[in-house]
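Dear colleague,

I am handing over the structure below, and I would be grateful if you could look through it alongside the notes that follow.

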Amino acid sequence: MTNPYGLRTEHRVEPLGLDADRPRLSWKLRADRRGAAQSAYRLTAAARPADLDDPRRLLWDTGRRAADDFELAWDGPALQSATRYHWRVEVWDERGEGLSAGQSWFETGLLHPSDWSAVWIARDPAGLPLVDPPTDDDEPSRPALQLRRAFELDRVPVRGRLYATARGVYEPRLNGQRVGDLELSPGWTEYHHRIQYQTYDVTDLLRDGRNVLGAVVADGWWSGYLGFDPRRPAQHYGDHPSFLAQLVVDFSDGSRQVVATDADWTERPGAVRSADLLMGEHVDARLAVPDWDAPHGSDAGFTRVAVDDTDPGPLVAEPDQPIRVIRDIAPVALHPRPTGRTIVDFGQNLVGRVRLTLHGASAGQRITVRHAEVLDDGELYLDNLRRADATDTYVAAGNETEVFEPRFTIHGFRYAEIDNHPGELEIVARVLHNDTPFDGMFECSDPMVNQLQSNIAWGQRGNFVAVPTDCPQRDERLGWLADAQIFTPTASRNADVSAFLARWLRDVIDGQDADGAFRDVAPAVWIAREAAPAWGDAGVIIPWHLWRTYGDRVALERSFPSMVAWVDRIRRHNPDLRWRHRTGNSYGDWLQVDAVTPRDVLSTAYFARSAEIVADAAEVLGHHDIAIEYRGLHGAIRAAFIDSYVGDNGTVEGGTQTAYLLALAFGLLPSNLVRAAVDQLAADIEKRDIRLTTGFLGVALLCPVLTEHGRADLAYALLHQEEFPSWGYSIRHGATTIWERWDGWTEHGGFQSPAMNSFNHYSLGSVGDWLYGRVAGIDQTTTSIGYRELLLRPVPGGRLSWARAQQETVRGTVACGWSIKNERITVTATVPPGSTAILEIPTSDPASVTEGGQPAAERPGVRTVQPSAAGATVALTSGRYTFSAAYQGA
Ligand code: RAM
C-alpha cells in the first residue's frame with residue numbers, strides 16, 4: 001500500500017482561514033495489492049512541521065487507534081485564531097504494518113468577533129455623488145470604489161495575512177499588485193446571515209518601509225441587479241458597496257502590527273466606471289489613476305471614506321473552494337461582420353468573460369464586447385438574455401498595448417461580438433467557477449454520448465458559480481432549489497462538490513420561514529414565497545445525498561431540524577396526506593413536453609420521499625423516536641398515494657412517464673403492481689416512437705428506473721435518440737451545454753419564447769448520474785456511506801462497445817468499466833483500500849468468468865463468484881481487477 005494521500009481539512013486541501021470549531025481531517029488510501037485495508041491510524045498535530053517528529057512538542061496525539069475511519073474531527077486543544085496547524089496521519093494496514101505518513105496543514109481565520117478591529121468603509125456620499133456625472137455624454141456611470149491606505153513597516157515581517165470581504169465584490173491590492181487569484185469574492189450568501197471573508201497570504205508582498213493596501217469594490221450581488229427584479233440599486237441588501245479588511249503583520253520577535261479599514265482610508269474612482277454582474281462592465285482607461293496602490297503613490301484626489309462603525313455583522317470564513325479563472329479557451333473561428341464588427345466563436349458555451357489585448361488603440365477609442373450563447377442568421381441572438389445587457393465596454397487610453405479584461409461581471413456565452421477593435425484581434429475566453437475539483441470521468445465508445453457528458457460537465461462549470469444557479473446568462477442566475485436537487489447526484493460524480501453544496505445549504509436553511517417552508521430559491525432574495533413541491537424538498541434531499549456520498553454528518557446534523565420542520569409543515573397543512581395545500585407556486589414536472597403530470601401525484605410522491613429521508617436521517621443521527629414516527633408517516637403517505645392514485649392494474653393517475661417514474665423510483669407501488677407499472681411506462685415510451693415526455697423532475701428518474709426494472713434497452717434507445725425531444729436532438733443541432741428546454745430550438749418552431757430559453761441549464765442533464773452509475777457501473781449499496789460498500793453494476797447496451805468511469809471518493813479512487821469484443825466482455829474494477837464491492841458481470845455463462853486469465857473464484861481478492869440475474873456476481877475486497885467472460889449480447 002502506498003502512503004495516505006488526498007489529505008484534506010473540511011473537504012479542502014490546505015485551507016487558509018478556517019473558522020470551524022472542530023475541523024474534520026480526512027485522508028484517502030491507495031494500494032497496489034488486493035485486500036489492503038486500514039486497521040489503525042494515528043493523528044498528530046503540531047505548530048511546526050518539524051515538531052511532528054518530536055513527541056514532546058505535539059499539540060494533539062490520538063495515539064494508535066484501531067479503526068478504519070478516514071476522517072476525524074479536531075479534538076486537540078481549542079484552536080487559536082490566525083494560527084497554522086500542521087497535522088500528520090499514520091496508517092497501519094490489515095497486516096498491522098505501519099505505512100509512511102501523510103502530512104498536511106490548515107490555518108484558522110479570525111475566530112472571535114473581538115479579533116476584528118476593522119469597520120465597513122464606503123464612498124463618502126458627501127464627497128462624491130453615488131452616481132457620477134457621465135464621463136462621455138452618453139455614459140451614465142456608477143464607478144467602482146478604489147480604496148487605499150498607506151502604512152509603514154519598520155522591518156521586513158515574517159508573516160502577513162489579509163482578511164477581507166465586501167458588501168459587493170472586490171479585488172484586494174497591495175503595493176501595486178493584485179492579491180491572490182480569487183474572483184467575485186466574497187461570493188453570494190444570505191448576506192443578512194453570513195458574509196464570507198477571504199484569507200490571503202501576503203507575506204511576500206509586504207516590504208520594509210512604506211506600503212499601500214487597497215481594493216477595488218463593485219456592486220456584485222449586494223447592490224447590483226439581481227435576478228429578474230428590475231430594481232437597482234436592488235433593494236435586497238443595500239444600495240451601495242462597502243469594504244472591510246484587516247491586515248495582520250507578524251515580526252520575528254513576536255510583535256504584531258494590524259492595519260484595518262477605518263476612517264483613515266481614502267477613496268477615488270478609477271477606470272472602472274460601472275460594473276454589474278448582469279449588465280456588464282464599463283472601463284475608461286483614460287481615467288485610471290496611475291500608481292494609486294503603489295508604495296510611492298499618493299492620496300492626491302482621494303477623499304476620506306465614510307465609516308460604518310456599528311457591529312460589522314455576521315462575518316464567517318469562506319468554507320469552500322472560491323471562484324477562480326479555471327481555464328482559458330481560444331477562439332475556434334472569427335466571423336467578420338458588417339460595420340467593422342467581428343463575431344468570435346469559442347466553440348463552447350461557457351461562463352466567464354473575455355480578455356482582449358489591444359494593439360495601437362487611439363485614446364478615447366471605444367471597444368464594445370457583447371455576448372451570446374447562439375447565433376441567429378449569423379448575428380448574436382440576444383433576446384433570451386432578457387434584461388441582462390451582458391455588454392462590456394472599454395475606452396482606450398491610447399497606449400501601444402492595452403489589456404481589457406472585466407473583473408466584476410460574468411457572462412454566459414459561446415460567441416462574443418467585438419466592435420471597433422484596433423488591428424488584429426487577440427482574444428481569449430476565461431472560464432470562471434468555484435474551484436470544486438473536477439476529478440470524475442466518464443467516457444464510452446459513442447461520440448454523441450461523450451458529447452452529452454461534456455455538455456453536462458460544462459453546465460456544471462457554468463452554473464456552480466457562487467451558488468448553484470439555474471442558468472448563467474439571462475437576468476436570473478438564481479439558486480433554484482429543484483434544479484440543484486435534481487442535479488446534485490450528477491454533480492457529485494463529476495466533481496467534489498461537498499464543501500460547495502454544504503455551504504449553500506446554509507442559505508437554504510436560512511431561507512426557511514417560521515412555518516417550516518423553504519423558499520424556491522436560495523439565497524431567497526425577493527422571491528420569498530413558500531417553495532413548491534420538489535423545490536423545497538431540496539432542503540431534505542441534498543443533505544441526505546451529502547451524507548451518503550461524502551459521509552458529511554455535520555451537514556446532515558445542521559439540516560436535520562429544518563428537514564423535520566419542512567415535512568411537518570406539509571403534514572400540518574395536508575392532514576389527509578395528499579399534498580394539495582400550501583404547494584407554493586406549484587410547477588409540476590417543469591418543462592415536460594406533451595404530457596401533464598398531475599400536480600398532486602408529484603407533490604404527494606415527494607412528500608413520501610422526504611418523510612422517508614427524515615426517518616433514515618433520524619436513524620443515522622440516533623434519534624430513534626423520530627425515526628419511528630417518520631417511518632410511520634412515510635408508510636401512511638404511501639398508503640394514501642396508492643389509495644388515491646394507483647389503479648388495480650398498476651396504472652398511476654395521469655398516466656404520464658413521470659407519474660410512473662415517481663411511483664417506481666420512490667417505492668410507492670404495491671410489489672405486485674410494479675411489473676404492470678413498468679409495462680405501462682414502457683408502453684408510453686414505445687407508442688411515442690421512443691420519445692420521452694419528462695420535465696426537470698421526471699428526467700432524472702427515466703433511465704435509472706428503466707434499467708432497474710429490466711428495460712435498459714429502452715433507456716439506451718432514449719439515450720441514442722436523435723429526434724425531438726431528446727438529448728441527441730440538441731447535440732445534433734450544435735449544443736455544447738444542456739438546454740433549459742427540450743424545444744429550446746427546433747426545426748419546426750425555431751427558437752422557443754425568448755421569455756425563457758436558456759441554453760445552459762443543467763437540470764435535464766441529470767442523466768449523468770446514470771451514465772456513471774449504470775452505463776459504467778459505479779454505485780454503492782443502499783446502506784453504504786461514502787462508497788464503503790460498492791455496488792458495481794455495469795449494464796452494456798445500445799450501440800456502445802465500451803464504457804468506463806472513475807470517481808475520487810472520500811475513501812479513494814473508484815473505477816469501473818467494460819468492453820465487448822469477439823463475444824467476450826472485459827470488466828475492470830478498482831476498489832479502494834478498506835472498501836468492498838459486489839460486482840455484477842454481464843455474462844451469458846457464469847462458469848466462463850476469469851480474472852487475470854484464471855478462473856475467477858481462485859483469484860486473490862475474489863471472495864465469491866455466483867450465478868445471478870445479471871450473469872455472474874462476484875464479491876471483492878479492495879484492489880484492481882480485470883475480469884473476462886463470455887458475452888452473447890442482450
Ligand atoms: C425558471 C428557472 C428554474 C426553475 C424555475 C421554476 O425561471 O430557470 O430553472 O426552477 O423557473
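**Pockets and a strand**

The second largest pocket is lined by 32 residues, and those nearest its centre are Ala271, Val283, Ala288, Val403 and Arg407. Please keep in mind throughout that this is a predicted model. About 740 Å³ of space lies in this second largest pocket, and its lining draws at least three residues from each of domain 2 (116–320) and domain 3 (324–434). Strands β10 (145–153), β20 (280–284), β26 (341–359) and β31 (401–404) each supply at least two lining residues, with β31 giving the most, namely three. By class, the lining of the second largest pocket comprises 17 nonpolar, three polar and twelve charged residues.

The largest pocket has a volume of about 1600 Å³ and is lined by 42 residues, of which Arg548, Arg609, Ala665, Asp769 and Asp779 lie nearest its centre. Among the elements that give two or more residues to this lining are α3 (481–494), α7 (599–620), α14 (768–776) and β39 (778–780). The lining of the largest pocket divides into 19 nonpolar, 13 polar and ten charged residues.

I also looked at strand β41 (residues 802–809), whose covered face carries Ala803, Ala805, Gln807 and Thr809, while Trp802, Arg804, Gln806 and Glu808 are on the uncovered one. On one pairing, β41 runs antiparallel to β34 (residues 441–444) through four bridges, and Ala805 is the bridge partner of Phe442. Eight bridges join β41 to β42 (residues 812–821), also antiparallel, with Gly817 of β42 as the bridge partner of Arg804; these two strands, β41 and β42, form a hairpin with two residues between them.

With best wishes

Methods: Residues are numbered from 1 along each chain as its sequence is written. This is a predicted model: local features need pLDDT of at least 70, side-chain atom pairs count only at pLDDT 80 or more; totals for chains, interfaces and linings use all residues. Side-chain values use heavy atoms; hydrogens and water are left out. Buried means under 20% relative accessible area, exposed over 50%, partly exposed in between (1.4 Å probe, protein chains only). Two strands pair if DSSP finds at least two bridges between them. On a 1 Å grid over the protein atoms alone, a cavity is a set of points where a 1.4 Å probe fits but cannot get out, and a pocket is an open set with protein on both sides within 12 Å along at least five of seven lines; lining residues have an atom within 4 Å of a point. Grid points are joined across faces, edges and corners, and a volume is the space filled by probe spheres set on the points. Ala, Val, Leu, Ile, Met, Phe, Trp, Tyr, Cys and Pro count as nonpolar, Asp, Glu, Lys and Arg as charged, and the others, Gly among them, as polar. Domain bounds come from an automatic or database domain assignment.
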